[in-house]
Amino acid sequence: MSTLNICVLIKAVYDPDRLVIGSDSKVDLDKTPKKINDPDRNAVEAALQIKEKFGGYVCGLTLGTDKSVLYEPIAMGLDNAYFILIDSYVLNINGYIKARILASAINKIESEIKRHFDLIILGEASLNNYSMQTGPRLSIELNRPFISRVSKILDINVNNRVISVMKDGTLNKIIYEARMPLIMSVTREINIPRYAPLLKIKRAMSFPIKQFTLADLGLNDIFKQSTISITSIQPMIIRRKGIVKPYSEDTIRELIEFLRGEGVL
């Protein structure tokens, strides 16, 4: 019986629940901790469930300045892990640049392991900007079909390399049948990721993670093609006007007029 080879794309994102706001009312990215992108954890779980059912190989791939985002997925059960080191990784890495880098790394990995990935799985979007560009842009770079926002894997015919999935539509669910190799993004509804004990995560810190640099991928000048520059990030700050008046019919009428003037009514 045939088996499946799967690559999961994993991203480190700034934790939106632990943003550090500086005295200038801007987000201090140097002090804000990072975590694994939530939908990417679902992508890891989806890959592991497929491996457990059909057999095969699952690796994780990330890019950035810190490989620690791979520790939890390794503890969950990855067979291998790859890290693309980018010295000055910042938020202004656009979808085109990211897809080019990931595609080059995937081609290199496939050459090293001497087999193609049947599935490349990633989360539907990143919590950083929710642009949903990585999947479709990677599809163009690798010339492989892409299905977005998969909420359920219905069936896999391993021998014929055909997969049937359900994806979230605008008003309903849509069923697709596609031939592998395939790229797909998954939603958080697809599964409940398994728990990785702290002891396993600590052991994962000594796991041999293969590291690439942009030079290894022949992409030394890739950032010269970037057209996005984010200079600062500021949170939305809501301040109450603090207007307090005693109750009366005149006050109610005055309040209604005030809200109309503010554009609330």
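Start by selecting G263, the glycine that follows helix α6 and has a positive phi, near 80°. Extending the selection back over α6 (residues 249–261) gives a helix of 13 residues that reaches 19 Å from its first C-alpha to its last, close to the 18 Å expected at 1.5 Å a residue; the expected span of a helix is 1.5 Å times one less than its number of residues. Helices (H or I, at least four residues) and strands (E, at least two) are DSSP runs, numbered from the N terminus.

Two points of reading apply throughout. The model is predicted, with local features requiring pLDDT of at least 70 and side-chain atom pairs counted only at pLDDT 80 or more, whereas totals for chains, interfaces and linings use all residues. Residues are numbered from 1 along each chain as its sequence is written, and side-chain values use heavy atoms, with hydrogens and water left out.

**The whole chain**

Zoom out to the C-alpha trace, which spans about 80 × 40 × 40 Å along its principal axes. The secondary structure of the protein chain comes to 6 helices and 11 strands, and of its 265 residues 43% are buried, where buried means under 20% relative accessible area, exposed over 50% and partly exposed in between (1.4 Å probe, protein chains only).

**Strand β1 and its neighbours**

Next select strand β1 (residues 4–9). Because 6 of the 6 residues of β1 are buried, this strand is largely enclosed by the rest of the structure. L4, I6 and V8 point one way from β1, while N5, C7 and L9 point the other way, and all are buried. In a regular strand the side chains alternate between the two faces of the sheet.

β1 and β4 pair in the parallel sense over 6 bridges, two strands being paired if DSSP finds at least two bridges between them. Then bring in strand β6 (residues 119–123), which runs parallel to β1 and is joined to it by 3 bridges; here C7 stands opposite I120.

From β4, move to strand β5 (residues 80–85), which pairs with β4 in the parallel sense over 6 bridges. C59 stands opposite N80 in β5. The chain crosses from β4 through helix α2 (residues 71–76) to β5, and this β-α-β crossover is right-handed, meaning that, with the strands pointing away from the viewer, the path from the first strand over the helix to the second runs clockwise.

Select α1 (residues 38–54), whose 17 residues reach 25 Å from first C-alpha to last, close to the 24 Å expected at 1.5 Å a residue. Since 13 of the 17 residues of α1 are buried, the helix is largely enclosed by the rest of the structure. α1 is followed by G55, whose phi is positive, near 80°.

Now show G56 together with R115: they are 59 residues apart in sequence and 12 Å apart in space, C-alpha to C-alpha. R115 lies in the loop between α3 (95–113) and β6, and it counts as partly exposed because its relative accessibility is 31%.

**The second largest pocket**

Display the second largest pocket, whose volume is about 270 Å³. Of the 16 residues that line this pocket, the closest to its centre are K34, K35, I36, S68 and V69. A pocket is an open set of points on a 1 Å grid over the protein atoms alone where a 1.4 Å probe fits, with protein on both sides within 12 Å along at least five of seven lines, and lining residues have an atom within 4 Å of a point. β3 (34–36), β4 and α2 each supply at least two residues of the lining.

**Backbone details to finish**

Centre on R149 in strand β7 (residues 146–157), where phi is near 50°, a positive value in a residue other than glycine. R149 counts as partly exposed because its relative accessibility is 25%. Continue to R161, in the loop between β7 and β8 (162–168); its phi is near 55°, again a positive value in a residue other than glycine.

The last stop is the peptide bond joining M180 and P181, which is cis, with omega about 15°. P181 lies in the loop between β9 (173–179) and β10 (182–186).

How values were computed
Points joined across faces, edges and corners; volume = space filled by probe spheres on them.
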